[in-house]
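I opened the model to look up a few helices and some backbone angles. My notes are below the display.

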Amino acid sequence: MEADNIVKKLKGELDEYLKNYMQGKGSYNRRVYEAMQYSLNAGGKRIRPILFLLTYKLYRDDYSEVMDIAAAIEMIHTYSLIHDDLPAMDNDDLRRGKPTNHKVFGEAIAVLAGDGLLNEAMNIMFRHCIGEGQNSVKACSIISESSGAEGMVGGQTVDILSENTRIPIDQLYYMHSKKTGALIKGSIVSAAVYAAADEKEIEKLEYYGQKLGLAFQIKDDILDVVGDTAVLGKKVKSDLNNNKTTFITAYGLDKCREMCNSITNECMDVLQEIKKDTSQLQELTLFLLNREK
Ligand code: GRG
């Protein structure tokens, strides 16, 4: 219960930070900020920055000193959703319960809004690192790499190339470990590195991040089949309609539910091995397993 309140508090603080961040920015270019704000403030769960802040909080009390990096992570995630929804990619009309960015602002501005968010995230991280020590640079480099061609962009590339084909299981795991998993794992590991956790604990958190990313994706595939558009805020059966190989097409719904449970248990086990109070991360892990959106 207490942990739940902390997660809510962090989400509230992130929402506030992100809402204020773009306020009053721009002149002739104001439209791109409007498009960036539109998606940024459309009601995301803020899972990745919350994971970053909770991990940082295992080792350091004052998480407000890294709130800007947490916001940068959410900007990267939001950019990826805007681009993923474009007609050239998944061609979706609904995201976070609202018309997708290109439906409101047009394709050209939506592309630019995504680019703008990614660049703004990098600006924030560079500014943060000026005058800080090596750990801040290492942490921001982990976040940047997890978003790039060896991370999220790489996974999305495989996803796009896999439409209308049945891909082998190892390629499915590769795709998701990069597309969804990399930024989730990166959010956790970067925070531990920044907070100077010891090597053994960073390894455990890396394992936790990897497993959590996998459970998150399997759950996402389950929700795509059994979820409710009104609750999810996005179209369901999108994978089926785009003729994609998913964990559901590979293993079936029941097995996926079983896998989601057992991988979540692995997450809980490794969190319990860490000699810090991981109760807030444990709560969040269970919340992700049981989420309906
Ligand atoms: C365009 C480079 C590029 C990458 C896109 C994230 C992504 C890669 C695509 C989204 C497609 C998708 C539905 C992936 C499944 C997992 C996922 C990332 C779900 C959305 O994240 P949530 O549930 O969303 O955290 P909110 O809206 O709560 O932030």
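Entry 1, helix α6. I noted first that the model is predicted. I looked up α6, which runs over residues 107-129 and has 23 residues. From first C-alpha to last it reaches 33 Å, close to the 33 Å expected at 1.5 Å a residue. I then listed its buried positions: A110, A113, G114, G116, L117, E120, A121, M122, I124, M125, H128 and C129. Just after α6, I found G131 with a positive phi of about 85 degrees.

I recorded the crossing as right-handed. On the α10 side, the contact is made by G181, I184, K185, I188, V189, A192 and V193. From α11 it takes in I202, L205, E206, Y208, G209, Q210, L212, G213 and F216. By class I have ten nonpolar, four polar and two charged residues in this contact.

Where does N164 lie? I placed N164 in the loop between α8 (152-161) and α9 (169-179). Its phi is near 65 degrees, and N164 is exposed, at a relative accessible area of 56%. A196 is in the loop between α10 and α11, with phi near 60 degrees. I logged A196 as partly exposed, at 46% relative accessibility.

Methods
Residues are numbered from 1 along each chain as its sequence is written. This is a predicted model: local features need pLDDT of at least 70, side-chain atom pairs count only at pLDDT 80 or more; totals for chains, interfaces and linings use all residues. Side-chain values use heavy atoms; hydrogens and water are left out. Helices (H or I, at least four residues) and strands (E, at least two) are DSSP runs, numbered from the N terminus. The expected span of a helix is 1.5 Å times one less than its number of residues. Buried means under 20% relative accessible area, exposed over 50%, partly exposed in between (1.4 Å probe, protein chains only). A crossing is left-handed if the near helix is turned anticlockwise from the far one by less than a right angle, and right-handed if clockwise. Contact means heavy atoms within 4.5 Å. Ala, Val, Leu, Ile, Met, Phe, Trp, Tyr, Cys and Pro count as nonpolar, Asp, Glu, Lys and Arg as charged, and the others, Gly among them, as polar.
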